[in-house]
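Biologist: Hi! Could you walk me through this one?
Modeller: Happy to, let's open it up.

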Amino acid sequence: MSLNSLDFIFLFLPLAIILHCLLVKKGLFHLAIVGVIGASAVFAGWRNLVDPTLILFSILINYLVGLAVCSKSSAQKARRKLILIFGLTANLSLLAFFKYSKFFLDNINAVMHTANPLVTIYLPLGISFLTLQQIAYLIDAYRGHIKEINFLEYCVFCSFFPKLSSGPIVRYGELVPQIVRSMRSLSLGVLAEGTTLFAIGLFKKVVLADSMAHYADPTFHTASFGRDLGMVEAWGGVLAYTFQLYFDFSGYTDMAIGIARMFGITLPENFNSPYKATNIIEFWMRWHMTLSRFLRDYLYIPLGGNRKGVLRHHLNLMVTMLLCGLWHGASWTFVIWGALHGIYLSINHGWRRLGVSCSHAIGWILTFIALSMAWAWFRADSVPAAGRITASLIGLNGLWVDGFRGALHSLSKPAPEYNYLAQFFVELKVAVSFGRWTIYPVNILLSEPFIHTYWLLASGVIVLSLPNTREWLDLANQHPTATLTIRKAIFIGVLLFFVLLASISSHPSAFIYEKF
Amino acid sequence: MKISSPVKYLVTIALTLSLVSILYSAAFLYQLGALVAAEYWIYESRIVKHELLKQIQDTRKLIIVGGSSAFFGIDSSLIEKGLGISTYNLGLHAGLPFDFILREITPYLKHGDIVVLHLEYNYYTFPTPYSVWFTDQIMAFYPEYFWQLKAREKIKFSFSVPPQRVLAGVMTKMMGEHLEDVRKRQLKSSNRILGLIHAAWAQKGYRPDNMHSFDNMYSFLNIDPHGDAIFGTGQLNRESAAQYYKIEGLDRDFVESKYFWEVLRDFFVNYRARGVDVYITWPPIVEGILDFNSQRVLNSVRAISERINEIGIPVLGNPSEFQYDIGLFLDTAYHLTSQGKTEHTNRLLGCFKGKGIYFPSP
């Protein structure tokens, strides 16, 4: 079940909240926790029973390993380390089996000219996120950051449904202490806050991300079919995907954080206007922040970070980003995407060492271009397709694939979905005559390339000049409900109306990160 | 401007959403009947075809039901002669939903009648009756259809209309009377349409004017007294044909339409019980474009045939039997020339006779 599905919005979520509020109101706190776990199990099991079974199995193993690892006796340090290694291996093996076995076997078969059969192609719900959370939990337990572990609370930590499929990646220490506290802070205030966040996220997903997908997808499909694109078409598609991915994932995150708020729980932020970044280092401090934090604390720093010399620093960056790429998906395109970011980060750190200043504007332009070119690898179905798009992005296939005449032709007719509207203006005789030529300006203004451009411009304005969700809601404020004004309520009502309108022309689509 | 109570905040969100939705619904209802660009020849042709059915409602008859492949591809008088039963062609446009085209004939069906479903392949995969094309036609010239729908269907219908179309409708309704093109679309009355067509049929050997004009091809004046198209124009190329079949659904992964099969089953069960025989046959397609040995086409044909067999409807022929040379097609991959029409009808007659369907005294 997806957070933007009708089943979820009109059935599952209201029922889960009502049940939770009733139990909390009656003071049945333990039962309320069981209720949240039950709701999460139903959420996970909506597709099939494999997912909740797997999650439960994984939770049980990790809970027991965690108990053994967080033992206070220092005399058993070696034994605890051994158990930790077992726990980490178990988690990574489960992830490897479901997520990477096909990739591994495909490559073995390709290199060795063998035909080893596939083990599985099934990807359990949220396995990538669950694995990282449980690895962080085991390491925190080993490091002594976790003092006591309650099984029910651990279940909520792992399976809490808003963050189950795509995060944010939460630490044990930041979620579990809130569980009991949240029951006391449950109020209409948090419900209003949660609803606002949820509505903004839904708008980002249904109106913005899905509309951008309409322009991004054809570009990548064309490349997958082995056809070249012109530079303008390639940039149009790649920029559309750049915005689509942000709206899709940050929309999901807003929805997840909003739902958690409805339960009185605060999940960590995942995005802080990432496309405003003026360099790649800053970008990673603003994009998928909980993943960056995980990679920094549990991979980059243990590898030595920047403390072991310049060469090792760059190597650590590269290893971290390669694994970051591989975590996103079992494909060489993700590995190359990770490698590109490893290179970008190395260049950025190298530049800093040189101490040469660069204006913010130039920094922003270079960063945005580099990011967009890397997203082409992130989105493409295959390495050849990504290579083809990259070639087009740098202008190796000309400006337009059908030449200037083809480009003019596509400007002369309205986009199919705006045909009726354009026809009205044609009948209104809104036209400009040049000798024997008659031009209908509205046909041009409502043509596919123009509509595409409007969407890109609107996205650019939203992403670069408007406050992000957190800033707009002033969530840093101690009493965020005090910032919920009539204007904001009207604005949210209008956003929800746009969601309703957008859902007329498109079917609910899955979130991009749900596939990871 | 601060709201102390979150209740007020939540209520304001709900009120705003409701208010804007009500305004949008009002705009939607206001623009129903606005003469936006649409295929008005369908409105006029429906009236003619209803008139045909009215005239013969007490006679035992064979009715061909389908889209334009039937309209341009069936020679009803040839079937009438061949089988010995009055035959009428109700085919018009493949964009009209299946329940809609069945609803057109059901008031006129009686015991002993035969219905032949000559359906384009898109019918088997249409997920919903309310395509953008169909809702546009209905809103432009047949808003009564919308009002006849049940509340649930009305919501589904309105949720199938793009907001841009609603906006075009509102603007046309507000300013249409000042626009020459819109004024030209003013709906003709039934009496006027029937007067014109009867006058045309009264002429011996009637043929419409300018038989190279698409406007005249898609016109109620291009209907003969059996409901068949009198003429067609245009010449198909292989690339367009291939593209057409991809869009139509035969040469792609088969996606079953729950809506279609439910309507078909209900119709078949209800009307068989009333003594109406129902058959299904296949539309004409261009020879050599579809690979009937390819897995995709095989899967599609198999899926459709299996579902028809499950319901128990007798089938006339199989898809590959109705392939014709591309020279026998007009402007689309479903519209046959008059020579193609004769050939297709003869093959269909062969299928009828193969099933032992023959009526010695009409």
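**Between the chains, and within one**

Modeller: Across the interface of chain A and chain B, the rule finds four residue pairs in polar contact, both at pLDDT 80 or more (N or O atoms within 3.5 Å, one able to donate a hydrogen and the other to accept it; residues adjacent in sequence count only if both atoms are side-chain atoms). This is a predicted model, where local features need pLDDT of at least 70 and side-chain atom pairs count only at pLDDT 80 or more, while totals for chains, interfaces and linings use all residues. Residues are numbered from 1 along each chain, chains are lettered from A in the order written, and side-chain values use heavy atoms, without hydrogens and water.

Biologist: Which helix of chain A gives the most to the side that touches chain B?
Modeller: Helix 22 of chain A does, with 15 residues (helices are DSSP runs of H or I, at least four residues, numbered from the N terminus).

Biologist: And how many salt bridges are there across the interface of chain A and chain B?
Modeller: The rule finds two (a Lys or Arg side-chain nitrogen within 4 Å of an Asp or Glu carboxyl oxygen). Glu427(A) and Arg185(B) form a salt bridge through their side chains, at 2.0 Å from N to O.

Biologist: Switching topic: how do helix 5 and helix 14 of chain B cross?
Modeller: Their axes, lines fitted to C-alpha atoms over the stretch in contact, come within 9 Å and cross at roughly 20°. So helix 5 of chain B is roughly parallel to helix 14 of chain B (angles under 35 degrees, between N-to-C directions on a scale from 0 to 180 degrees).

Biologist: Which residues meet there?
Modeller: Among them are Phe98(B) and Leu102(B) in helix 5, and Tyr259(B) and Phe267(B) in helix 14 (contact is heavy atoms within 4.5 Å).

Terms used: Helices (H or I, at least four residues) and strands (E, at least two) are DSSP runs, numbered from the N terminus. Angles under 35 degrees count as roughly parallel, over 145 as roughly antiparallel, 65 to 115 as roughly perpendicular and the rest as oblique.
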